[in-house]
Amino acid sequence: MNKWVNSKTMVAAALVLCVAAPIVLSKKQDGGNVTVDNADRRINIITPHNETIRREFGEAFQDWWREKTGESVYVNWLTPGGTSEIRKILNGKYKAAERVGDDGIGIDIFFGGGDYDFRKQAQAGHLAKLEVFEKHPAWFSDNVIPAYFTGEKYYDPQHAWVGVCLSRFGICYNLDSLKRLKIKPPTRWSDLGDPKYFGSIALADPSKSGSVSRAFEMLIQEQIHEAVTALQRKPGETQIQFDMRARSDGWDKGINLIQKIASNARYFTDSATKIPHDVAQGNAAAGMCIDFYGRTYEEMLKKDDGSTRMRWISPKGGTSMSVDPVAVMKGAPDPEIAQAFVEFLLTKKGQLLWNAKPGTPHGTQYRALRRMPVRKDVYTEENMKHFADPSNPYDEVGGFVYESELTGKGFKSIQFIIRVMCLDSHQELKSAWEKLAAANMPPDAMNIFFDTALVSYQNAMGDIRRQLSEGSKVQSANLAVKLGKYFRRNYKLAGKLAEEGGQADE
């Protein structure tokens, strides 16, 4: 009997432990020994940043705040996914808060991601004015943090958000895979459209990642810039007419290049971090990714002699230098600690943490983050001795200047068009491309394959943009169905013509 009771007691105790363990463990987060129960203050930060960045900045901020005030702070990281998921959560929470008359949504800070989402949050009135601009005006000058660089905005003119580190979009590739495919290392976006890459490119869904969408936007702008340079004004053509013709021509070339690259894609993933991982493992030969992801894997695979099978490059003339911002949310539960977190990120100590190696002055505790600080004045010879990437990004821009007026208002249109043109029709797209390549790209079939009249520059910046911003979800879905049928029909017809080796009917 006692034996049975003891067994029953042990089982019950085990069950209690299983239930209690997650609750106990959840009391402790990435940062140090400060828990939700013993902290003097608490800060809630929503972010797409990975665990490494969260841990380093969480612990560093805790130390900085303790030295400054003597108080402990618990850093509560909220990580629902990428910026697309964060945007939906913030918009939904503020809409709900408005209905009940609340100012805030229980979140202090929005940290990381592209500036597009921060601009949208500012326009929606969801961000508080940052105090760091009045507290440290000397930080916001051309010698420290410029207002603009390579055409990119580095902080909001109304001081709703500010960039804290720099980002570039580029290409990661596997040297072993390229050797097997007999392809030279890529140097430009257009190289990824080579049919030799068929089934070997790793891409992410731009509707799930703001950074990936921005990379495609850069690619399109590169083509527009080239069209402006290559074309000449016709007799009697006004400057406005010429600009529109050049933009339309460059847009068409950019959209066609995206079709080529998507035709070579092995997949479209929901996670941008999967791309460099698969390229590093040889599951894909190349992919489009942000510099931080590519450099991290390049470093991880580096051998003792300095060689590595994985490389990341910034495409020549095809990318600007943008920022990852931070903002304080309107109605933050603890606005003082929220404003202090922004200030910390922009101190030299906080800035050096982005690239200084572990064990060096102002370096990380665990692993180099390999991000580039936004402050120009930290790129000194002394500091850069300790950098994982000892180069000054302000000296490596490559001549590309982002022009918001070209494609900025059509950002959502670009996401939408790529989804219906490449993702929803991916099987038909790949099949047609394979047949076209086998037939040596017959002109008539190619013309049908590249027919993108329904998603022209004028339509993308006009009707499609208005539908996505002002129309109902049902109407947007109907538009997606219509365009999907259009592209699938074109791809099937192009593939059929290529197979038959014939010409299109006149």
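I'm working on a predicted model, where local features need pLDDT of at least 70, side-chain atom pairs count only at pLDDT 80 or more, and totals for chains, interfaces and linings use all residues. Residues are numbered from 1 along each chain as its sequence is written, and side-chain values use heavy atoms, with hydrogens and water left out.

**Pockets.** I looked up the open spaces on a 1 Å grid over the protein atoms alone, where a pocket is an open set of points with protein on both sides within 12 Å along at least five of seven lines, and a lining residue has an atom within 4 Å of a point. Volume here is the space filled by probe spheres set on the points, which are joined across faces, edges and corners.

The largest pocket comes out at about 740 Å³. I get 16 lining residues, with Arg87, Lys88, Lys412, Leu468 and Lys473 nearest the centre. Helices H3 (83-100), H15 (411-423), H18 (457-470) and H19 (473-500) each give at least two residues to this lining; helices (H or I, at least four residues) and strands (E, at least two) are DSSP runs numbered from the N terminus. I count two nonpolar, eight polar and six charged residues there, taking Ala, Val, Leu, Ile, Met, Phe, Trp, Tyr, Cys and Pro as nonpolar, Asp, Glu, Lys and Arg as charged, and the others, Gly among them, as polar.

The second largest pocket holds about 560 Å³. Its lining has 31 residues, and Pro48, Gly82, Ser209, Ser211 and Tyr293 lie nearest its centre. Among the elements giving two or more residues are H3, H7 (210-230) and strand S12 (322-328). By class I have nine nonpolar, 15 polar and seven charged.

**Cavity.** I searched the whole structure and found one cavity of 30 Å³ or more; a cavity is a set of points where a 1.4 Å probe fits but cannot get out. The largest cavity is about 60 Å³. Its lining includes Phe169, Ser211, Ala215, Met288 and Tyr293, and H7 and strand S10 (286-290) each give two or more residues. I note nine nonpolar, one polar and no charged residues.

**Strand S6.** S6 pairs with S12 in the antiparallel sense over five bridges (pairing takes at least two DSSP bridges), and I find Cys165 partnered with Asp324. Two bridges also join S6 to S13 (372-373), again antiparallel, with Leu166 opposite Met372.
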